[in-house]
Amino acid sequence: MLDHLVDFLNVGGPVVWVLLAMSVAAVSIIVLKLWQFATTKPEDEGNLDQVLSMWRRGDYKPAIDQLSSGIFVGDVAQFAMQNLNNGETDEDVLKEELDRIAIFKLNALRSFLPALETIGTLSPLLGLLGTVLGMIDAFQAMEAAGTQVDPSVLSRGIWQALITTALGLSVAIPALVAHSWMDRKVQRVATQFNDCITQLFTSFHFDNKRK
């Protein structure tokens, strides 16, 4: 079994070995990111809607106390509520600090996603390169055979071309699908951050104006 696999990879040439390494990297990244999303649950809002409703009613201290721990946007929301309620921090400075914290947390979610996108983008190109190399081998074999062309002489080059094309697409398709899905999740979390902080600031200002 192992010998057949090695023969299969040797027929494909160095491009196949590179694609194999990229496939291992892609699978590792996907498993790591799935574990990260499963443990952090970044889109889970918990009781955030209830807390924001309390905040809009002017129940600032109860809202801060009721905010559930473990919500991905929770620590940012709690930091914003505590500083707004205390009134000890300049709001422009507070917004910059909130942006810094949110960007830091979002970058942690985006980690390794650029590498996954690169793998998905380069894999078909490498497969195409292997196809071109395989066809070059096939035509060189035809030239060497002269008028006595044997179809079996061409088989290695054509086989190499087919292997690299198929393998390149097999690596690229799941990598790009996984990247698109995970990147969309990160975008939704970024929207949650923005929506939550905007509600906190606007509700706080509106309530203070009424007072």
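Helices α5 and α6 run roughly antiparallel to each other. The model is predicted.

**Exercise 1. At what angle do α5 and α6 pack, and which residues make the contact?**

Step 1. Take the axes. Those of α5 and helix α6 (residues 91–110) are 10 Å apart. The packing angle is about 170°.

Step 2. Apply the cut-off. Angles over 145 degrees count as roughly antiparallel, so α5 and α6 fall in that class.

Step 3. List the partners. From α5 come Asp 75, Val 76, Phe 79, Ala 80, Asn 83 and Leu 84. From α6 come Glu 91, Leu 94, Glu 97, Leu 98, Ile 101 and Lys 105.

Step 4. Sort them by class. This contact has seven nonpolar residues, one polar and four charged.

**Exercise 2. Are α3 and α5 roughly parallel or roughly antiparallel?**

Step 1. Locate the helices. α3 spans residues 48–56, and α5 spans residues 74–86.

Step 2. Read the geometry. Their axes come within 13 Å and cross at roughly 10°.

Step 3. Classify. Angles under 35 degrees count as roughly parallel, and α3 and α5 are therefore roughly parallel.

Step 4. Find the contact residues. Leu 48, Val 51 and Trp 55 of α3 meet Ala 77, Met 81, Leu 84 and Asn 85 of α5.

Step 5. Sort them by class. Six are nonpolar, one is polar and none is charged.

**Exercise 3. Which residues of α3 are buried, and how are they placed around the axis?**

Step 1. Pick out the buried residues. In α3 they are Leu 48, Val 51, Leu 52, Met 54 and Trp 55.

Step 2. Check the arc. These residues cover only 155° around the axis, so they sit on the same side of α3.

Step 3. Recall the helix repeat. An α-helix has 3.6 residues a turn, so residues three or four places apart point the same way.

**Exercise 4. Where does Phe 193 lie, and what does Phe 193 touch?**

Step 1. Phe 193 belongs to helix α8 (residues 151–210).

Step 2. The cut-off for buried is under 20% relative accessible area. Phe 193 has 5% relative accessibility, so Phe 193 counts as buried.

Step 3. List the neighbours, leaving out residues up to four places away in sequence. Phe 193 touches Phe 72, Val 73, Val 76, Ala 102, Lys 105 and Leu 106.

Step 4. Take one pair. Phe 193 and Val 73 are 120 residues apart in sequence, yet their C-alpha atoms are 6.3 Å apart.

**Exercise 5. How many helices and strands does the chain have?**

Step 1. Count. The protein chain has eight helices and zero strands.

Terms used: Residues are numbered from 1 along each chain as its sequence is written. This is a predicted model: local features need pLDDT of at least 70, side-chain atom pairs count only at pLDDT 80 or more; totals for chains, interfaces and linings use all residues. Side-chain values use heavy atoms; hydrogens and water are left out. Axes are lines fitted to C-alpha atoms, for helices over the stretch in contact, and angles run from 0 to 180 degrees between N-to-C directions. Helices (H or I, at least four residues) and strands (E, at least two) are DSSP runs, numbered from the N terminus. Angles under 35 degrees count as roughly parallel, over 145 as roughly antiparallel, 65 to 115 as roughly perpendicular and the rest as oblique. Contact means heavy atoms within 4.5 Å. Ala, Val, Leu, Ile, Met, Phe, Trp, Tyr, Cys and Pro count as nonpolar, Asp, Glu, Lys and Arg as charged, and the others, Gly among them, as polar. Buried means under 20% relative accessible area, exposed over 50%, partly exposed in between (1.4 Å probe, protein chains only). The arc is that of the directions from the helix axis to the C-beta atoms.
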